[in-house]
Every structure is written in C-alpha cells, then in structure tokens.
Amino acid sequence: MVFTTNTKPLVDALALGVINSNVSKFYNKSCILQIAAQGSDLTLNVEAKQIKSEIHLKGFSDIPETQIRLVDNLVFKQLVGTFDTSTVQIEFIEGGISLISGSAKFNLPNIIDVSDVQLNRPDAGTTDVVTPVEVDKTSWKFVKDNQMYAIAMSFMKPVYTYVYVDEDGHVIVGDMDNGLFTLSKKSDLGITCLLPDTIVNLFNSLPEGATISNGPNRSYNIHVKTDSFSMLSQFTPFYEDNEEIGSYNADVILGMMAEPDEYVSVKTAALSKFLSQASILSTNVDDTIEFKYESGTNKIILSDSHVNNEVPCEGAASDVKIMFRLDSLRQVINNYSDEQINLTPIINDGDPVGILVCGPSLKTMIAGVES
C-alpha cells in the first residue's frame, strides 16, 4: 500500500503532534509514532505522559485496506522535515514503512510490531460542561520561560515534580528540597490540579486558535483545526486526592509569598549583571554568596571570596545577612525582565531564612543556605 499526501501539512502536523521535549526513554510510548492509512485519511497518533493525541490528514491510497505501523517519531519527523518535494509517499512494507520524496526512498523499520502494542487514542467525550475556549498561549509561554526552571527533579517529594494550578489562576512551580518556589497568576484552566511538564509543553506547541474543553473522567481536550489537518489532544491532570502524589501545601506557600508590606527596590539589570560577573569567577556549582542589607543604608552588599559590590536600593525592610547558592540566586534574578524588582527578607523565629523577590507578574521565594 502507498499513501500520498502533501508534504507541508505533514511537516506542520508533526511539529504540533511530536513535541521533542515530551519524548522520553522513561516513557516508552512517547518515542512512538503510530501511522494508519485508509482510503483518503492518514491518522497519526502520539502519546506522552498524561497526553494522547490524534491527527488527521488528507491524501489518497492505491488500495482501500487499512495499514498501521509504529515507527520512531523523532526520526520520522526529522526526515520528513528535510523533504523539498510538494508531496510525500508513505509505502507500507513488511516490517515498517518507506518514505518516498521525488526519486529518494528511505526505509524506516517498526520500533515495535503493531500486534504487540497500539497507542491509546483520545476520547472526544463531552463538551457540554464547558464551551470550548481559546488557549492563552502567552500566559503558558510565561510559565515555561520564567517558572519551569524551578521544578523539582527529585522524586523524594513527587508532588513538587508537577506544576500546581488553582481555580483562581495561580501557578506555582518549585522545589521544597532546594527551598525555591515561583508564583504567577497565568493559569486559564479554571481548576485546581497538578500538571506534568508534558502538558505545559503541549500548551506551548499549540498554534493560535487552539481551543480547550472538558473531556471525560476529569480530562480536557485540545482542538486544533486548520485547512490541511485537524488534531485532538486529550490530557489528564493529576489531582491532590491521588495518594501516591499527595498535597502540594499550596495554601502555606501562597501565604509565605503574599504581597509584603515592606521591601527594598533594586534595578534588575544592575543586580543581574553583578551576579553574572561573580559566576564567571565561580569554580563550583555549590559556591555561595553573602547577601547583606542594613536598614537606612540604601544598599545591598553582595560578597564572596572573589567579589564584593554594593548595589543601590530604595525603600525599607528588615536587616538581613544570609548566604545563597550563587548559581541559584543568579538564575532567580535572570528570570526577571522588569526594570525594577522588590526584595523582602523572609523571617522565621526572628532569623532570616530567605528572600522574596517580587515583580509585576512573578514572585520567587528562595531560601538561604548554611555558610
């Protein structure tokens, strides 16, 4: 069987459906592209953690029977992206497929036999509960660009390997072990749940006009329709009632990150520049830097064994003298593009334990370390 389709729609569909950052050897199905052809319909299925996607493209086949193959999705995507012919032919051969572009022919073996496994398909379910609304791509790009760096990598406390969102729009990404939490109000989901990074990556891959609606069994459906293809992606968040994941303790974190009454304001560029300069002289990822502020001095003093600098500031806050990991503090400040940020010491039992960094759209709580 040979199925012929237009190359550009196929390339665009693969860019949308096969999200490179969602492909992981730790989730075997995420490495697979399921290709099915019948008559004038080409169906592509992909999976990632908590996501099932199906894409339909038009074309034509030389025989009416259905053929299904499972191939390496990144190889398929990369190869098709190099084709400069207007059409591509997919030949279903024994043990895999052949891709034909002009006079060139490329054989791709099955990554697994279709008799052994098939990918799960999304369920359109019902959209009666919530009318489909457009996904706010700008907000989710902000989350990916400015908050996802803080997500926990350790599974000792698995709940912090997820993004917390609530019905009020709060988005918390952080790591309890490292004492680092980021907060924005960028969620448009209108629910309280936990999102794996794969779902955030999905939101950021969507084209303008993609919509979201309720799906079955506490899932959600993403709809994309263009002139040349359509896609349905079903994602299922985690929820805190899952005993294996547990509670995020968001109320405590939100309380600690409430808008402060007192703070000092500093020019972001000046602070960021010095921390970047200090990192040039750093010899170890665990190197620390002292952060010191005394009320009435209008300056923050940053120093370690290699550097010392006074960064001007305005306002008033409690005295603080605390050590931070240089690399962590630099990364926190570098995620602010605002001209000015506000800094407030976090005090526990009379002792400073960290600082709260506030900008118009982002707050970050970073804990100090032992000197």
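Guide: Buried means under 20% relative accessible area, exposed means over 50%, and partly exposed is in between (1.4 Å probe, protein chains only). This is a predicted model, in which local features need pLDDT of at least 70 and side-chain atom pairs need 80 or more, while totals for chains, interfaces and linings use all residues. Residues are numbered from 1 along each chain as its sequence is written, and side-chain values use heavy atoms, with hydrogens and water left out.

Visitor: Why is Val-357 called buried?

Guide: Its relative accessible area is 0%. The limit is under 20%, so Val-357 is buried. The residue sits in strand S23 (residues 351–358).

Visitor: Which residues does Val-357 touch?

Guide: Contact means heavy atoms within 4.5 Å. Neighbours up to four places away in sequence are not counted, and the partners include Val-332, Ile-333, Tyr-336, Leu-343 and Leu-362. As for Asn-308, 49 residues away along the chain, the C-alpha atoms are separated by 21 Å.

Visitor: What share of the contacts joins residues at least 24 apart?

Guide: It is 66%, counted among contacts between residues at least 6 apart in sequence. Asp-62 lies in the loop between strand S4 (51–61) and strand S5 (67–72). Its C-alpha is 6.8 Å from that of Phe-3, although the two are 59 residues apart in sequence.

Visitor: How do you know that helix H4 is largely enclosed?

Guide: Count its residues. H4 (residues 197–205) has nine, and seven of them are buried, so the rest of the structure largely encloses the helix. The buried ones are Thr-198, Ile-199, Val-200, Asn-201, Leu-202, Phe-203 and Asn-204.

Visitor: Why does Ile-199 count as buried?

Guide: Its relative accessibility is 0%, and the limit is under 20%, so Ile-199 qualifies. Beyond four places in sequence, Ile-199 touches Gln-50, Ile-51, Phe-235, Thr-236 and Pro-237. Ala-48 is 151 residues away in sequence, with 8.8 Å from C-alpha to C-alpha.

Visitor: Why are Phe-291 and Phe-324 called an edge-to-face pair?

Guide: Rings of Phe, Tyr and Trp (its six-membered ring) pair if their centres lie within 6.5 Å; planes under 30 degrees apart count as stacked, over 60 as edge-to-face and the rest as tilted. By this rule there are 10 aromatic pairs. Phe-291 and Phe-324 are 6.0 Å apart, centre to centre, with 85° between the planes. Both values pass, so the pair is edge-to-face. Phe-291 lies in strand S18 (residues 288–293) and Phe-324 in strand S21 (residues 320–325), so the pair ties together parts 33 residues apart in sequence.

Visitor: What makes Arg-218 a charge over a ring?

Guide: The test asks for NZ of Lys or CZ of Arg within 6 Å of the ring centre and within 35 degrees of the ring normal. Arg-218 lies over the face of Tyr-239, at 3.8 Å from the ring centre. The charged end of Lys-186 sits over the ring of Phe-142, 4.8 Å from its centre.

Visitor: Why is Arg-218 partly exposed?

Guide: Its relative accessibility is 46%, which falls between 20% and 50%, so it counts as partly exposed. Arg-218 is in the loop between strand S14 (211–214) and strand S15 (220–225).

Visitor: What is the phi of Arg-218?

Guide: It is near 60°, a positive value in a residue other than glycine. Most residues other than glycine have a negative phi. Asn-249 also has a positive phi, about 55°, and is not a glycine. Asn-249 lies in the loop between strand S16 (229–235) and helix H5 (250–256). At 37% relative accessible area, Asn-249 is partly exposed.

Visitor: How many of the 371 residues, as a percentage, count as buried?

Guide: The figure is 49%.

How values were computed
Helices (H or I, at least four residues) and strands (E, at least two) are DSSP runs, numbered from the N terminus.
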